[in-house]
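I opened my notebook to look up how parts of this chain pack together. The structure comes first, and my entries follow.

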Amino acid sequence: MKALICGVGGQDGAYLAQLLLEKGYQVVGTSRDATLSRFDALRRLGILDRVETISMALNDFRSVLHTVKRHAPDEIYNLAGQSSVGLSFEQPVETMESIGGGTLNLLEALRFVDRPIRFYNAGSSECFGDTGDSPATESTPFQPRSPYAVAKSTAHWLVRNYREAYGLFACTGVLFNHESPLRPERFVTQKIVRTAARIAGGDGTRLKLGNIAVERDWGWAPDYVDAMWRMLNASRADDYVIATGRTVSLEYFVRKVFAHFGLDWDRHLEVDEQLFRPTDIRTGRADPGKARTELGWSPTLDVDGVIAALCAAAGGTDARKT
């Protein structure tokens, strides 16, 4: 089996490549310019020399079609595109083109090559907007509240349309937040963990955050790439919500992280209103029951396990080794 991973250099791409290699796949991974990309995540996992890395411009249909024809994969995982909600407010056009346009180019390429290639698209819980007290399922209407969420919603409906119109085996995983030590510090979870580690090491800095009352369902990234693989190896193509089913506040996350480093979180935190997003989501809550029932998938870690693993990787005490 051969898999093509678009966006192999990111957190999910690296863990997915590791999983597929363990299952005996030949893995080809794309980057906009593979000659300049460091692929640090693949390097950290010790698998860079086992992945064939190539250049492909997702917003260029000719580049996408050439890649799919040349490498003839059995499975394609679309994990590429602008990945930051906050950055999408500053770069809305790039966000829409890289996510919506990129997904459309891949789907059109699949239609043109006319081979039984199975396709996974990385969706996002951001599409649901604020779920309140009602856990989101696959039938929950989308109410996107950021350019990123609008782009992911567009991609989701493109996948569903091409599945129904052309019979493609195409799936979207509507993934809630999932973390790992491979996340860069621009993601809030790593910002919290790494800042706490520096403070514990004697750095006098303070942690600056926006709205700490927001609530999220945080899972473990290696669990979530397993769900991706399960979707493409199911008997039929469908879309699935992937989450732990447990939601906590950002304040809870901060408090637990600082406790791992033996710190009083309240003494080191500064809430900065300039970091509030224009239209933030208060609560993200999910019901992953369909994935559990139909895919046999369940998470190995909930938020407490995720926090312990992240802190261990950053040198925290009382934490599990990743």
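The contact, meaning heavy atoms within 4.5 Å, is made by Tyr 252, Phe 253, Lys 256, Val 257 and His 260 of α9 and by Val 303, Asp 304, Ile 307, Ala 308, Leu 310 and Cys 311 of α12. I sorted these residues by class and found eight nonpolar, one polar and two charged, where Ala, Val, Leu, Ile, Met, Phe, Trp, Tyr, Cys and Pro count as nonpolar, Asp, Glu, Lys and Arg as charged, and the others, Gly among them, as polar.

I noted that this is a predicted model, in which local features need pLDDT of at least 70 and side-chain atom pairs count only at pLDDT 80 or more, while totals for chains, interfaces and linings use all residues. Residues are numbered from 1 along each chain as its sequence is written, and side-chain values use heavy atoms, with hydrogens and water left out.

Two packed helices are described by the angle between their axes and the distance between the axes. For α9 (residues 250-260) and α12 (residues 303-313), the axes come within 10 Å and cross at roughly 45°. I took axes as lines fitted to C-alpha atoms, for helices over the stretch in contact, with angles from 0 to 180 degrees between N-to-C directions. The helices are DSSP runs (H or I, at least four residues), as strands are (E, at least two), numbered from the N terminus. α9 and α12 are therefore oblique to each other, since angles under 35 degrees count as roughly parallel, over 145 as roughly antiparallel, 65 to 115 as roughly perpendicular and the rest as oblique.

**Entry: Phe 253**

Is Phe 253 buried or exposed? Phe 253, in helix α9, counts as buried because its relative accessibility is 0% (buried means under 20% relative accessible area, exposed over 50%, partly exposed in between, with a 1.4 Å probe and protein chains only). Leaving aside neighbours within four places in sequence, I found Phe 253 in contact with Thr 189, Ile 192, Trp 218, Val 303, Ile 307 and Leu 310.

**Entry: Asp 264**

I then turned to Asp 264, which is in the loop between α9 and α10 (265-268) and, at 41% relative accessibility, counts as partly exposed. Asp 264 and Val 254 are ten residues apart in sequence, and their C-alpha atoms are 10.0 Å apart in space.
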